[in-house]
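Me: Could you walk me through the aromatic rings of this structure, step by step?

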Amino acid sequence: MITVRRADERGHFDHGWLNTYHTFSFADYYDPEFMGFRTLRVINEDRVTPNTGFGTHAHRDMEIISYVLEGELAHRDSMGNGSIIRPGEVQRMSAGTGVTHSEKNPADELVHFYQIWILPERRGITPSYEQKRFDDEERRGKLRVVASPDGRDGSVTIHQDVLLHTALVNDGPITYEFAPNRYGWLQVTRGEVEAGGEKLGTSDGLVISGERSLTISGRNAE
């Protein structure tokens, strides 16, 4: 079964310094039909104005992945990590028993990024942090695994039986084969694609369940 989650159906808040879209119920946005998808709990698309950002705040028992499309995102946390996340990089923070962190836009241009939350396999994991870069050539015309439970192929390691891939799609097609009893979520971060018989635009999402494969084609899409 294929179900589309259109970009303009998401929750939206413009706080001035933060322009944010919520695929699933989050903070002041509540939609009982979209509370998450299996272990996928949050897909937030955020744009933060220059020299502003999220002050220090706490998380626990969540796998948090940040994926930057444009600009730079500065991360600091209570584990002593401090880094700049740029396009092509994937950051994973396992909040586990508890961690505080901040995310700021340190530059003079907008930062545009996705934040993805995944429920962990168990509660009480020791907090940890990881960040890796994946060059365009690694994901051009193919799905490149960037997060996995076993760190396969140099991906970041998440504490859940989930595979996260990214791809740069230009024409195509790219086909993904699902193992038995596996489900998928496709998020178009930019461009236009065709997948599962549906036409998807920038920021559209696609739920995949009970399918044996998914073929994706598009032009200048990510």
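**Aromatic rings and their neighbours**

Reply: Happy to! One aromatic cluster is made up of Phe24, Phe37, Tyr183 and Trp185. Please keep in mind that this is a predicted model.

Me: How many aromatic pairs does a search of the whole structure find?

Reply: Two rings pair if their centres lie within 6.5 Å. Searching the whole structure with that cut-off gives a total of 6 aromatic pairs.

Me: Is the pair of Phe37 and Trp185 stacked, tilted or edge-to-face?

Reply: The two ring centres are 6.0 Å apart, and the planes make an angle of 50 degrees. Stacked needs under 30 degrees and edge-to-face over 60, so the pair of Phe37 and Trp185 is tilted.

Me: Where in the chain do Phe37 and Trp185 lie, and how many residues apart are they?

Reply: Phe37 belongs to the loop between β3 (18-22) and β4 (40-48), while Trp185 is in strand β17 (residues 184-187). The pair therefore links distant parts of the chain, with a separation of 148 residues.

Me: Which ring does the charged end of Arg38 sit over?

Reply: The charged end of Arg5 sits over the ring of Phe34, 3.6 Å from its centre. For Arg38, the charged end is 3.7 Å from the centre of a ring, and that ring belongs to Tyr183.

Terms used. Residues numbered from 1 in each chain as written. Predicted model: local features only at pLDDT ≥ 70, side-chain atom pairs only at ≥ 80, totals over all residues. Heavy atoms only, no water. Helix = DSSP H or I, 4+ residues; strand = E, 2+ residues; numbered from the N terminus. Lys NZ or Arg CZ within 6 Å of the ring centre and 35° of its normal.
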